[in-house]
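Q: Could you take a close look at one part of this model for me? I'd like to go through the place where the two chains meet.

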Amino acid sequence: MTVTPDDDFAAAEYALGTLDPSERAVMAARRLREPDLDEAIRAWEARLAPLAEAAGPIEPPRDLLPAIEARIRSATPEAPGNAAVASLRRSVTRWRAAAIAASIIAGVLAVGFITRETTREAVPHEYVAVLQKDAASPAFAITVNLDTREFTVRPVAATAPPGKAYELWLIDPKIGAPRSLGVIAADSATRRANLTQYDRAVVEDATYAVTVEPPGGSPTGQPSGAPVFVGKLIPVGP
Amino acid sequence: MTIRGEAPGRGSPAQATDSLADLLGRIAARDAAAFSALYKATSAKLYGVVARILPRGDAAADALQEAYVRIWEKAGEFDPAKGSPLAWMATIARNRALDEVRRVRPGSLEDLPESFEPAADEVDPLAARERSEGLVKLLNCLQALDEEKRAVVLLAYYRGLSREALALRFGRPVPTIKTWLHRSLAQLRDCLAS
């Protein structure tokens, strides 16, 4: 096991369920990006799981199965949005290629790429992240300019659940609890400069997470639940 | 078994003998009839897990629904080498329930359940009649804990109690509960590894 003792305790408490809401949201975001931590959580879940056998059965409401079956039918692969996902997958490949190109050929290609694809103006220190649930379902792409601390989030295959909004969060151990970067649109690009209050190291290392919130955003200033999409920045600029 | 997306088969005689692991394998291949059979075989068990954590019936039903959608999506990831099918499903269901109970809510911290369902009584795993090998080993390790510390772990597991709720219940400060949890969990880990 390669996680620190503190992380292993956090993994244990995550599995047991005793973390408070913001700690839980942080762990839920981190496990998607940190395989060792995810493994530690799974190990704890496996240690505790036999206890579930001893929980006596309770009959669930009768009408539940048809509702679940309707949902899984609508969620099977032919669901709409696949074309957008495929298109984003290609974009991700292009971004990766752009990142590599940037490091190899002094950014010429990458700057050209950014100019065309993301911001229309060649700016240095540009970072991108794809916010996704898993490798197969990217939802938002975020670009961050580390000099101006300005960011732009673009929906790729995201549709907010009816009556709900997406809210973007900055999550990093250096700043404690998750910080809101505001509600983001699911149908158009959102551009803001509210990363100015954070250190460059925070902006660069943080996990960017999206949660589902009531319209207008979380009423408490903290994520209402586990993130639905997360990602970390990779450099594209010179 | 053929794949029938439109009308999930009801009670085909073969299903009764299908093991849960077989059903999960077929669900991974998008077999809707296998999903229906799995639901019938396991939903009361999983509801027993989520309803103790979410005493309000609507929240528990939502969590159960989310859990089964996830089981449908992730069936291909089930690995029999890492535990029983039921343990795998219960972990998914319990995580759904915990995500819900640990949502930050505006207003009152404790939205106290109006109906504290008697069905959700305390679980005493030490009294369980049927015990898998995994449960026997875990219970042996749990029995090595002090009674109070064991109760803390079990209440957190079965009722989804937060550190704050546990602190109230045991009349101790939250940091003490946290220390207890860490010591107990470390002790369990070492005991299970031995």
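How many salt bridges does the rule find across the interface of chain B and chain A?

A: Keep in mind that this is a predicted model. The rule finds five salt bridges across the interface of chain B and chain A. One of them pairs Arg189(B) with Asp8(A), and their closest N and O atoms sit 2.7 Å apart. As for the interface as a whole, 61 residues of chain B are in contact with 49 residues of chain A. About 5,200 Å² is buried between the two chains, and carbon and sulfur atoms give 64% of that area.

Helix α4 of chain A (residues 64–74) packs on helix α2 of chain B (residues 32–53) at an angle of about 145°, the axes being 11 Å apart. The crossing of α4(A) and α2(B) is right-handed. On the α4(A) side, the contact uses Leu64(A), Leu65(A), Ile68(A), Glu69(A) and Ile72(A); α2(B) brings Phe35(B), Ser36(B), Tyr39(B) and Lys40(B). Sorted by class, that contact has six nonpolar residues, one polar and two charged.

Now back to Arg189(B), the partner of Asp8(A). Helix α8 of chain B covers residues 174–193, and its axis comes within 9 Å of the axis of α5(B) (residues 133–143), crossing at roughly 130°. That angle is why α5(B) counts as oblique to α8(B). The contact involves Lys137(B), Leu138(B), Cys141(B) and Leu142(B) from α5(B), along with Leu188(B), Cys191(B) and Leu192(B) from α8(B). By class, six of these residues are nonpolar, none polar and one charged.

Key: Residues are numbered from 1 along each chain as its sequence is written. Chains are lettered from A and ligands numbered from 1 in the order in which they are written. This is a predicted model: local features need pLDDT of at least 70, side-chain atom pairs count only at pLDDT 80 or more; totals for chains, interfaces and linings use all residues. Side-chain values use heavy atoms; hydrogens and water are left out. Axes are lines fitted to C-alpha atoms, for helices over the stretch in contact, and angles run from 0 to 180 degrees between N-to-C directions. Helices (H or I, at least four residues) and strands (E, at least two) are DSSP runs, numbered from the N terminus. Angles under 35 degrees count as roughly parallel, over 145 as roughly antiparallel, 65 to 115 as roughly perpendicular and the rest as oblique. Contact means heavy atoms within 4.5 Å. Ala, Val, Leu, Ile, Met, Phe, Trp, Tyr, Cys and Pro count as nonpolar, Asp, Glu, Lys and Arg as charged, and the others, Gly among them, as polar. Buried area is the accessible area (1.4 Å probe) that two parts lose on being put together, summed over both. A salt bridge is a side-chain nitrogen of Lys or Arg within 4 Å of a carboxyl oxygen of Asp or Glu. A crossing is left-handed if the near helix is turned anticlockwise from the far one by less than a right angle, and right-handed if clockwise.
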